[in-house]
Amino acid sequence: MGTDQGDTVGPGVGAVPRAGRLLVAGVPMGNPRDASGRLIDALATADVIAAEDTRRARSLAAAVGAEPVGRIVSFYDHNEQARIPGLLDDLRSGATVLLVTDAGMPSVSDPGYRLVVAAVAADLTVTCLPGPSAVTTALALSGLEVERFCFDGFAPRKAGARRAWLDELAGERRACVFFESPHRIAETLATARDVLGGERRAAVCRELTKTYEEVRRGTLAELAAWSADGVRGEITVVLAGAAPRSIDPEDLVSEVLSRVDGGERLKDACATVAAETGASKRELYQAALAARG
């Protein structure tokens, strides 16, 4: 198996095999040339390749010139729970297990999370071969402020749940990345326009790294109109964070003074209220001083 020298502890009969390792690997989203050298090596040398689609794994290996020596097993949503015990046994026996999905990084809205959790719980080695991700690729291409962001997986399928989710994002200051089906993207963008306002900016990224890659940037009103005629391909959306609220420090003075009456120092009370509301600490402090006379 694909292990280093010294894979046993102690000499002779009864030696205990050193456990193997689970390699969680990001694979190309469309262009095989995005495969890293480490991924190519792992495809060729891993003892087991656990793949969301075994045909795609074989096609990727062929495209990058790797000839797998290990066995390739299917590992997808409907069989991963049943596969995990056997893969853990492989790891315990010293095997290198490579985990790949159809595109991007396992566990990120793709199979893999349960296997990683099980391997960690069993105190087995888990490491990652960094690679392509639709999340970070879309963030980089969005043209939006994305220094801070959250990732919400796939948007809710049902209209009521989708609206409730967007309501939660109304005041979210971080950019939000999510995946959406081409069959629902028009409805989702229209609802986002209605809930968040037509001027909120976003970027719709489709077919990332593929031949027909396209990034549409604009307001939600513009993007909702564009998508109304239908959009094809795999879609990742980046939604701009909410603009800071305009807060009048005068409106917060009573809360500051209430904290002071409770024993807090004025500066500490101003700092706490400013952090909670996004108000200017300096302006709030000056307003509180003026109110105290």
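Let's start in a loop: Thr209 sits between strand S10 and strand S11 (214-219). This is a predicted model, and the chain's secondary structure comes to eleven helices and twelve strands. The points below go from single residues to the sheet, the cores, the aromatic rings and the chain as a whole.

- Thr209 is not a glycine, yet its phi is positive, at about 70°.
- Thr209 has a relative accessibility of 22%, so this residue counts as partly exposed.
- Ser109 can be found in the loop between S6 and H4.
- Ser109 also has a positive phi, of about 55°, although this residue is not a glycine.
- With a relative accessible area of 34%, Ser109 is partly exposed.

**The five-stranded sheet**

- In general, the strands of a sheet pair through backbone hydrogen bonds, and the pairing is either parallel or antiparallel.
- In which order do the five strands of the open sheet come? Reading across, the order is S5-S4-S6-S3-S7, and the pairing is parallel.
- At the edges are strand S5 (71-74) and strand S7 (125-129), each of which pairs on one side only.
- On average, neighbouring strands of this sheet are turned by 25° against each other, if direction is ignored.
- Arg21 has Thr96 in S6 as its bridge partner.

**Helices lying across the strands**

- Helix H2 (residues 54-63) lies across strand S4 (48-51) and S5, and runs at about 140° to S5.
- Helix H4 (residues 113-121) lies across S3, S6 and S7, and runs at about 150° to S3.

**The nonpolar cores**

- As background, nonpolar side chains tend to be buried together in soluble globular proteins.
- The largest nonpolar core here has 21 residues. Which of them touch the most other members? They are Leu166, Leu189, Leu196, Leu220 and Leu239.
- Three helices each supply at least two residues of this core: H6 (159-169), H7 (185-196) and H8 (220-227).
- Strands S9 (175-180), S10 (201-206) and S12 (235-239) likewise each supply at least two residues.
- Helix H7 gives the most to this core, with five residues.
- Leaving out residues up to four places away in sequence, Leu166 touches Thr188, Thr191, Ala192, Val195 and Leu196.
- Another core, of 19 residues, lies apart from this one, and its members include Ala51, Leu98, Val100 and Leu129.

**The aromatic rings**

- A pair of aromatic rings is described by the distance of the centres and the angle of the planes.
- How many aromatic pairs does the structure hold? There are three.
- In one of them, the ring centres of Phe151 and Phe179 are 5.2 Å apart and the planes are at 65°, so the pair is edge-to-face.
- This pair links distant parts of the chain, since Phe151 is in strand S8 (residues 149-154) and Phe179 is in strand S9, 28 residues apart.
- Is Phe179 buried or exposed? Its relative accessibility is 10%, so Phe179 counts as buried.
- Phe151, at 29% relative accessibility, counts as partly exposed.
- Phe154 pairs with Phe179 as well: the ring centres are 5.4 Å apart and the planes are at 65°, so this pair is edge-to-face.
- Phe154 lies in strand S8 and Phe179 in strand S9, so the pair ties together parts that are 25 residues apart in sequence.
- At 47% relative accessibility, Phe154 counts as partly exposed.
- Together, Phe151, Phe154 and Phe179 form one aromatic cluster.

**The chain as a whole**

- The chain has a radius of gyration of 26 Å, whereas a compact globule of 293 residues would have one near 19 Å.
- Along the principal axes, the C-alpha atoms fill a box of roughly 85 × 55 × 30 Å.
- Of the 293 residues in the chain, 43% are buried.
- Among contacts between residues at least 6 apart in sequence, 70% join residues at least 24 apart.

Technical notes
Residues are numbered from 1 along each chain as its sequence is written. This is a predicted model: local features need pLDDT of at least 70, side-chain atom pairs count only at pLDDT 80 or more; totals for chains, interfaces and linings use all residues. Side-chain values use heavy atoms; hydrogens and water are left out. A nonpolar core is a set of buried Ala, Val, Leu, Ile, Met, Phe, Trp, Tyr and Cys residues joined through side-chain atoms within 4.5 Å. Buried means under 20% relative accessible area, exposed over 50%, partly exposed in between (1.4 Å probe, protein chains only). Helices (H or I, at least four residues) and strands (E, at least two) are DSSP runs, numbered from the N terminus. Contact means heavy atoms within 4.5 Å. Rings of Phe, Tyr and Trp (its six-membered ring) pair if their centres lie within 6.5 Å; planes under 30 degrees apart count as stacked, over 60 as edge-to-face and the rest as tilted. Two strands pair if DSSP finds at least two bridges between them. Axes are lines fitted to C-alpha atoms, for helices over the stretch in contact, and angles run from 0 to 180 degrees between N-to-C directions. The radius of gyration is taken over C-alpha atoms; the globule rule is 2.2 Å times the number of residues to the power 0.38.
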